[in-house]
Amino acid sequence: MTGDSEIIRRIRKGDIGQFESLFRSSYVSLVRYAKTIVRDHDSAEEIVQDLFFRLWRDKESLNIESSLNGYLYRAIHNRCLHYIDHEKVVRKYADEMALNRQETAEIPSDIMNYCDLQEKIAWILERLPERCGKIFCMSRFEGLKYSEIAERLSVSVKTVEANMGKALKEFRRALAE
């Protein structure tokens, strides 16, 4: 445990060498673990890379009271579960859109425009950060209020508002193109 607290202390102080050492020693096993949960190597790598990016970005406020290894595995586990939830929402939305497309499709040009729009929406959703996309889907597709989303995700209403703002900005930008 002493070794862990020293590693955490050094990373908190901005020791990039210590951080890189932690990354190199943990990366492969964390990706392997994430892959057992999400069943996709690329997604597993992205989840682990995102965790390390956030650890470095928020290093000053890093507060790990358990073992460092235990913390990393628990963080990966939670991120994988969030990823799976997000993917379910995206698939559900795509399925609903496909069903709606079949029900409302009458004019070929309307069908093409509708299909293009649905593909664009799915493309944008896939590129949004995980929490941002999840918050957007919960608001727009599940009809939840910001306060309900904040409660479900254990974040502040301000965080929900900020993520919705990011998502809407990205949709406006992408759809304007």
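At what angle do the axes of helix 6 and helix 8 cross, and within what distance do they come? The axes of helix 6 (residues 130-140) and helix 8 (residues 157-176) cross at roughly 90° and come within 9 Å. That makes helix 6 roughly perpendicular to helix 8 (65 to 115 degrees counts as roughly perpendicular). Helices here are DSSP runs of H or I with at least four residues, numbered from the N terminus. Axes are lines fitted to C-alpha atoms over the stretch in contact, and angles run from 0 to 180 degrees between N-to-C directions.

This is a predicted model, in which local features need pLDDT of at least 70, side-chain atom pairs count only at pLDDT 80 or more, and totals for chains, interfaces and linings use all residues. Residues are numbered from 1 along each chain as its sequence is written, and side-chain values use heavy atoms, without hydrogens and water.

**The contact**

Contact means heavy atoms within 4.5 Å. Helix 6 contributes Arg 131, Cys 132, Ile 135, Phe 136, Ser 139 and Arg 140. From helix 8 come residues including Val 160, Met 164, Leu 168 and Phe 171. By class, the contact has eight nonpolar, three polar and three charged residues. Ala, Val, Leu, Ile, Met, Phe, Trp, Tyr, Cys and Pro count as nonpolar, Asp, Glu, Lys and Arg as charged, and the others, Gly among them, as polar.

Most residues other than glycine have a negative phi. Arg 39 has a positive value, and so does Ser 154. Each counts as exposed (over 50% relative accessible area).

Technical notes: Helix = DSSP H or I, 4+ residues; strand = E, 2+ residues; numbered from the N terminus. Parallel < 35°, antiparallel > 145°, perpendicular 65-115°, else oblique. Buried < 20%, exposed > 50% of the residue type's maximum accessible area, 1.4 Å probe, protein only.
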